[in-house]
Amino acid sequence: MTSPSKRGPHLQLVAGDHLARAADERSSSEPLPLDQAYRQFAPYVAAIAGRIMGHDADLDDLVQDVFLEATRGIAALRDAAAIKGWLGRIAVRAAVRRLRRRRVLRALHLQAEAVDYESVISLDATPEQRALIVRVYRALEALGAQDRAAWVLRHVHGESLEGAAKLCGCSLSTYQRRLRRAATYLREELTDD
Amino acid sequence: MTEPASKMEDALSRVQPRWDVERTERTLGDLARRRRRRQVRPVLAVSLAACAFVTLGVLFAHRVRSPDTSASTSGMPTPPAQSTNSSVVHGGRLLRLTDGSRVEVLDSKTRIVKLEDSAAVVLLALAQGHAQFDVARRANRVFRVRSGDVSVEVIGTRFVLQRVGTRTHVAVERGRVAVSWPSGRRELAAGEADWFPPAREAEDVEAESEVGAADEPFAAERAPRVEPKTSWRDHAELGEFKRAYELLESSKQPVGSTVSELMLAADAARLSGHPAESVGFLRRVISEHPRDARAPLAAFTLGNVLMNQLGQPREAEAAYRIARQASSSAALSQDALARQVEAAHRAGDDVLARRLAERYVREYPRGRRLGAVRRFGGLQ
């Protein structure tokens, strides 16, 4: 099983080296077919979206939504790095939208299912680590979706400040403000009295 | 206690959504089916859109024929109420100044007080919060922002201030700024940023800057608690000068001897309609803190109060002289000299006025106030 990247947004080729070779051999003037782009970048999109959401329940739909939204644009991009960055931004936007929708549904008592945070925790995590991760994600529930995404991209996904700002589609200073708000809130929430 | 950062990072590295080849292929099939379904929808969508467009067109035509005269012209939000001689800008607003500079507040808790906004002097106070200042380049204008004990003076630049307790973070995005505090002064260039007063000189201990700590999973310390407003200082820092002066006067709350406190008391007095009571505070700044970077501005402000509000031009001329001699700002020095000319003329000392005017013409042949100086100095 090829798993999404442990830390950082490194590309994981899910179908083996032949896809990598195919990508290298493709001339720069040829657009990347959607199914090939999907096989190449779906794990990356899933890693970002799953970490922001904190659970697995909607992940299939969310990843597909990202590629549906990207359908027209992918044909216009040639460079793999550009495609990856662009898909990453769409993934962050899509996850933020889902978080906001979930919050509204919860406020209206229309969402009864509890969130299964363990569904995104690696099988090799210790019980202590699991408990800590669940505690962090429960605390993240109270944050605004953008602040939550900012914090997750940096401290869970392992992105650089500049890279995370680009994924959030905002300036570095705006990104740092969101990060600061989230960090301040989490410290207060997770400090034992 | 929170978890140590390394333990936390190690735990968070275990957040890994389970996505494998099989899941990729399965969802790729679902994606293809969803794409096919989407191709059917556009026809329906176009029809619905056409109906909606026609409906909107009819409604719009009806509205144009019978305009609502009571509607606001622009839908702009009502500007905040302004206190006498100052205005307070809340979070979420863009403040445009008369010299073309702009201030953007960066969070909802920010309060900026406009103490003076003229062609020669722009003086703002960052009472709390976080703001970006985009300062227009104007050679003969002093632009200064006070943030507690810290004062930032600029010529033409863009910078961001964030006030946390008694310290202020200054980050320069374009140009240069001069930052001063009770015991020091430093210039920052574009790309530079730092906390002021420096940590070892801070009166209150702030454990770690928020900006640096943002790169830890959790901020280093809690955000400063907002104390309930009880003292005249609290009201003055929030631009509530009338209330600040009432407390200052009625309860006789003492005014400390720091420059910040004296300047604040002076502002509370003059901006609440009691200019005579501001004179004492401003004179104390000049006499007790002659080497402080803010002393020239105190002297300039004193000159304005004496000449324009109290009708004492002779005393005003002396204050402007102090401002000119003590200032390291070319803009302030030039303006102070121009005002000296006017004050000397109003005091009836035309010999002094002429001498000062000749000096102004010599030192500032293209000075902004050349016309007024020639007139008051009898050089026309």
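Reply: Let's start with Ser272(B), which counts as buried because its relative accessibility is 17%, and the cut-off for buried is under 20%. Keep in mind that this is a predicted model. Ser272(B) sits in a loop of chain B, the one between α6 (259–270) and α7 (275–288). Its side chain reaches back to Ala268(B), with the backbone oxygen of that residue at 2.6 Å. Leaving aside residues up to four places away in sequence, Ser272(B) touches Phe241(B), Lys242(B), Tyr245(B) and Asp267(B).

Now for the rings. Searching the whole structure turns up five aromatic pairs over all chains. Take Phe300(B) and Tyr320(B): the ring centres are 5.7 Å apart and the planes are at 65°, so this pair is edge-to-face; the cut-off for that label is over 60 degrees. The pair links distant parts of the chain, with Phe300(B) in helix α8 (residues 295–309) of chain B and Tyr320(B) in helix α9 (residues 313–326) of chain B, 20 residues apart. As for burial, Phe300(B) has 1% relative accessibility and so counts as buried. Tyr320(B) is buried too, with a relative accessible area of 0%.

In chain A, Lys84(A) lies over the face of Tyr44(A), 5.1 Å from the ring centre. Over in chain B, Arg375(B) has its charged end over the ring of Phe376(B), at 5.4 Å from the centre.

Technical notes. Residues are numbered from 1 along each chain as its sequence is written. Chains are lettered from A and ligands numbered from 1 in the order in which they are written. This is a predicted model: local features need pLDDT of at least 70, side-chain atom pairs count only at pLDDT 80 or more; totals for chains, interfaces and linings use all residues. Side-chain values use heavy atoms; hydrogens and water are left out. Helices (H or I, at least four residues) and strands (E, at least two) are DSSP runs, numbered from the N terminus. Buried means under 20% relative accessible area, exposed over 50%, partly exposed in between (1.4 Å probe, protein chains only). A polar contact is a pair of N or O atoms within 3.5 Å; within protein, one must be able to donate a hydrogen and the other to accept it, and residues adjacent in sequence count only if both atoms are side-chain atoms. Contact means heavy atoms within 4.5 Å. Rings of Phe, Tyr and Trp (its six-membered ring) pair if their centres lie within 6.5 Å; planes under 30 degrees apart count as stacked, over 60 as edge-to-face and the rest as tilted. A charge sits over a ring if NZ of Lys or CZ of Arg is within 6 Å of the ring centre and within 35 degrees of the ring normal.
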